[in-house]
Amino acid sequence: EKDAENFLPSVSVDCIIFGFHEGILKILLSKFDGNQKWMLPGGFVYLDENVNDAAYRILSKRTGLNEIYLKQFYLFGDTGRVHPDDNKHILTVDANHPEKDPHWLLRRFVSVGYYALVEYSKLKIKAADSEEVQWFHINEVPELYGDHNKIIEKAVNSIRSQINTI
């Protein structure tokens, strides 16, 4: 498990992977074992990595695709965007995170939002050993971790505004 010294401090990437097939729009979500809430696929930026490259790495890891449209659309930095108890719960369930006080994952993070549009029937979705990954219909997204529902809403509005300017 990578530790804080390998990552850009307090910066994360969240990817909204929109999948479409036969007129249906879905969103890819993941959930760690033992966690109640689904979340967007995301991760951290290595110290020697461009933020856009981190987003492509995360997307490629999830979908197996390398050549894909990916758009940065917003920086999420509200002070209350994630409830600390949610992260504490994830850490207690995941044995890969050694006890450190305070743990670097409990710090405040800003997140760079990206969205991708993919044909979901052509993907080979990859999940980590301790997580579940699933497609959700755009109108059936459950309550998500932290501000992830707001991130999806902002991505949808961003796409709509771009369509209206064409």
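## A short tour

Let's begin in strand β1, residues 7–21, which is where serine 10 sits. Keep in mind that this is a predicted model. Serine 10 isn't a glycine, yet its phi is positive, at about 60 degrees. Most residues other than glycine have a negative phi. Glutamate 22, in the loop between β1 and β2, also has a positive phi without being a glycine, with a value near 50 degrees.

How exposed are these residues? Here they are with leucine 25, which belongs to strand β2 (residues 24–32).

| Residue | Relative accessibility | Class |
|---|---|---|
| Serine 10 | 29% | partly exposed |
| Glutamate 22 | 70% | exposed |
| Leucine 25 | 32% | partly exposed |

Now for helix α1, which covers residues 51–63. Its 13 residues, at 1.5 Å each, should span 18 Å, and the C-alpha atoms at its ends are 18 Å apart, so the two agree. Which residues of α1 are buried? They are Ala54, Ala55, Ile58, Leu59, Ser60, Arg62 and Thr63. In an α-helix there are 3.6 residues a turn, so residues three or four places apart point the same way.

And what do the buried residues of α1 pack against? Their partners are the strands β1, β2, β3 (42–46), β4 (70–76), β5 (110–119) and β6 (131–137). Just after α1 comes glycine 64, with a positive phi of about 80 degrees.

Definitions and conventions. Residues numbered from 1 in each chain as written. Predicted model: local features only at pLDDT ≥ 70, side-chain atom pairs only at ≥ 80, totals over all residues. Heavy atoms only, no water. Helix = DSSP H or I, 4+ residues; strand = E, 2+ residues; numbered from the N terminus. Buried < 20%, exposed > 50% of the residue type's maximum accessible area, 1.4 Å probe, protein only. Expected span 1.5 Å × (residues − 1). Contact = heavy atoms within 4.5 Å.
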